[in-house]
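Here's a walk through a two-chain model, written for someone who already has the structure open. We'll take the overall build first, then the sheets, then the contacts.

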Amino acid sequence: MAETINLTLKVWRQEGPSSKGDFEVHEATDIDTDMSFLELLDVINAGLELAGKDPIAFDHDCREGICGMCGAVINGQAHGPDTGTTLCQLHMRRFKDGSTLVIEPWRSSAFPIIKDLVVDRSSFDRIIQAGGYVSVRTGAAPEAHSVPVPKVNADKAMDAAQCIGCGACVAACPNASAMLFVGAKVSHLALLPHGQPERARRAKAMVQEMDEEGFGNCSNYYECEAACPKEISVSNIARLNREVVRARLVGG
Amino acid sequence: MSLHAKVPHGPISEKWTRHKFDMKLVNPANRRKHTLIVVGTGLAGASAAASLAEMGYNIKSFCIQDSPRRAHSIAAQGGINAAKNYQNDGDSVYRLFYDTVKGGDYRSREANVYRLAEVSVNIIDQCVAQGVPFAREYGGLLDNRSFGGAQVSRTFYARGQTGQQLLLGAYSALMKEVKRGGVEIFPRREMLELVVVDGHARGIVVRNLLTGKLESHAADAVILATGGYGNVFYLSTNAKACNVTAAWRAARRGAFFANPCYTQIHPTCIPVSGDYQSKLTLMSESLRNDGRIWVPKDPNEKRPPSQIPEEERHYYLEEKYPAFGNLVPRDVASRNAKEQCDNGKGVGGTGMAVYLDFREAIGRLGKDAIAARYGNLFQMYEKIVDSDPYKDPMMIFPAVHYTMGGLWVDYNLMSNLPGLHVLGEANFSDHGANRLGASALMQGLADGYFVIPYTIGNYIATEKSAHVDTDHPAFKEAETAAGERIEKLLAVRGKRTVDDFHRELGLLLWDKCGMGRNQGGLEEALRKIPEIREEYWQNVTVSGSQGTFNQTLERAGRVADFLEFAEMMVFDALQRKESCGGHFREESQTGEGEALRDDENFCYAAAWEFNGAGKEPILHKEPLEFEEVHLAQRSYK
């Protein structure tokens, strides 16, 4: 038989980007511990809707931890207390009966708040636009097996390529740095032969865009790695730094 | 009105090559004078938008999420098929074509499927060049695995995140074109109307989800790549924002909707746990490569699975289908799971689950090898169910996953409404009545990278229609219609939530138009859907206002459209008295309980014309002609 718990939620409510926000308290009663965190918000919102009140705005889509749309800070932790987990995959069995949860949006000047827990992460798209790709036209690709890739490099590239672009790394970082996000994409393509021609230009352009978007710099807190739902390693930041130095040396 | 599929003449293996030569071209200098709208940024939409922009067209790309990278293609786990024959196991374009037609239970259009198989090899080349990190062998070459419905290993994969990696590849190509200026992206926009001028699709009306403002966009052609309608069932493996609205709005403007009753129920999903459940989670079908499906022989079995000895387990798929075993196609696997549960042999708290067991594979290959293949899937399962699949078998049950039906398109992927093109899951043509695993990614990318870039040029070059801009009265009319619908929803101020209605509709469809369908049940659904719809418009509550970020209002519009679309789906299921693929009419089965087709009477695609809400739609038939593949009772024994 499913267990139930009672929780006190302190949720950040903010009408719009320039409004002043504040915490609103909700009592969540008889919450099934098999529920996901987003299903908890669904239940609270259903109550608000029936009472004619404005439901809590939160981004979400796939609810299986891969689209990168959801995210909130719970009791100071991006995506909540579990490691390697997005908010949608966090289950209520993780919380003790009677506890209080403080729920806030990602906080970074590069992620302006849209409403309540919803933020604008279009800065991430612009960083990718700066160079997070291989410039290959459709139809121009050579036979896939014409370039072998050592398995170890392919695996490392895949480790980095898993980034879901959720922004938890930025939310967790005291400097609101996007170095893990940028490092993951630069590493993914730098590790593959297909990414070589644009390797130097890519690293420089992406870092420049990151700075222009207002993200902070890395000072080795490693909070990003701890918060990352795909557990992307900070070694990708070290590789990013090496790639930037290399780019300065070789030009491009 | 007659449906003309425009399939080129000639031998099947030469049709596409000839057609590419026969089609009219738009010269490079003229392409920049044309604007194309692409709605949706999944595999089909992103690959189309990027490829068309590279050719020189001006592209306006729309998506419902905050970034094009979030489209639901991202959640596809298992892989993508391609006829590369890298495993030297007898694969070929012809075999992939044959398997796909057979897998679709002979209800797809042969020529489209052949083209799909033909371009599959180019897709892999393209993705690898983009930096998609497919799984590789130690020699540095690409690895493959086998998938349901095939006896060769032709599936390329990137761990359990193939859809993610392919989508990020297409998204990166899209971002490249945004930077270059060929694509303008419009995220957080929802298409609410298709604008038709002089019988041609010439634009769309979208709602800016941040501000609530309705915006009109005009173009020379409109491409819909807006995915499937699986969320009509409320619970499905689709993302929450997946909906039928864009396709349904096009249908209401005259585009025919083909085979809406063909829905795929995927066999390996995590079972439902409670009423609060908001979605179902798929476990990749690739798990059936190494996992063995069983139920206890004794319906009264109470022991935990690890204590049930081998001889008391019923490996029903292996026993019934020795040639394919656990790798039978999805529709067959799902129906058999339902049959076991209906016979009281289901497991878990609800009795609506079967075991998927890795004990034998872990013994044979070791835990590390299994972790390397399925690690992230096992982790996901453990997170959701709180049980370790390395120790105890998974529990699985079928769930709605994919919809083979969609807007009717001809060989050029153009709907009966000239100028409206439909790609990927949103169209109907390639998967017939059942889609094989690892074929959705293939079709989305085939349509976007390698079909539409050729066929849309033919439309642009031959139509030469007059310039239309958003001052045209048709845009004003469409904006007004969309605005009035929103005001009407907000004005109801009733007592039930949007989700509450959506759940009610979903349960009804799951019961009456799900894994098994019969005349009585379908007729009952046709009585009940209008009742639910009527109550919806009198008793739904939508808080907030139009001019703001309002997620309840977004959902309310989608559910309103599902409530109309559902009826067409049931009409389709009712008229198709045969069983085929995912459409199992209980009245039409073999002595052994397999789907029994009726080729004499039902070998056609059913294309429905909207005829007003609440009225029976008009059926148009496209006869399906099989010149290559011999129609036969599917057998996986």
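Let's begin with chain B: for its 637 residues, a compact globule would have a radius of gyration near 26 Å, and chain B comes in at 24 Å, which agrees. (That radius is taken over C-alpha atoms, and the globule rule is 2.2 Å times the number of residues to the power 0.38.) Along the principal axes, the C-alpha trace of chain B spans about 75 × 60 × 50 Å.

A bit of housekeeping: this is a predicted model, where local features need pLDDT of at least 70 and side-chain atom pairs count only at pLDDT 80 or more, while totals for chains, interfaces and linings use all residues. Residues are numbered from 1 along each chain as its sequence is written, and chains are lettered from A and ligands numbered from 1 in the order in which they are written.

**Sheets in chain B**

Chain B holds 17 helices and 19 strands; these are DSSP runs numbered from the N terminus, with helices being H or I of at least four residues and strands E of at least two. Two strands pair if DSSP finds at least two bridges between them.

| Strand order (chain B) | Pairing |
|---|---|
| β5-β2-β1-β9-β17, five strands | parallel |
| β16-β10-β18-β19, four strands | antiparallel |

The twist averages 20° from one strand to the next. Strand β9(B) (221–224) is joined to β17(B) by three bridges, and V222(B) has L420(B) as its bridge partner in β17(B). Packed on this sheet is helix α3(B) (43–55), which touches β1, β2, β5 and β9 of chain B and whose direction makes about 165° with that of β1(B). Angles here run from 0 to 180 degrees between N-to-C directions, with axes fitted to C-alpha atoms, for helices over the stretch in contact. Contact means C-beta atoms, placed from the backbone, within 7 Å.

Six bridges tie β18(B) (604–609) to β19(B), and A606(B) has K621(B) as its bridge partner in β19(B). Helix α16(B) (551–575) packs on this sheet against β10, β18 and β19 of chain B, its direction making about 145° with that of β18(B).

**Where the chains meet**

Between the chains, 66 residues of chain A are in contact with 61 residues of chain B. On the chain A side, the largest share, seven residues, comes from α1(A). By class, that side has 31 nonpolar, 17 polar and 18 charged residues. (Ala, Val, Leu, Ile, Met, Phe, Trp, Tyr, Cys and Pro count as nonpolar, Asp, Glu, Lys and Arg as charged, and the others, Gly among them, as polar.)

**Inside chain A**

Chain A splits into domain 1 (4–114) and domain 2 (122–250), with bounds from an automatic or database domain assignment. Their C-alpha centres lie 29 Å apart.

For a helix pair, look at α5(A) and α6(A) (199–212): their axes come within 10 Å and cross at roughly 170°. That makes α5(A) roughly antiparallel to α6(A), a label for angles over 145 degrees. The residues in this contact divide into eight nonpolar, no polar and three charged.

Notes
Two residues are in contact if their C-beta atoms, placed from the backbone, lie within 7 Å. Angles under 35 degrees count as roughly parallel, over 145 as roughly antiparallel, 65 to 115 as roughly perpendicular and the rest as oblique.
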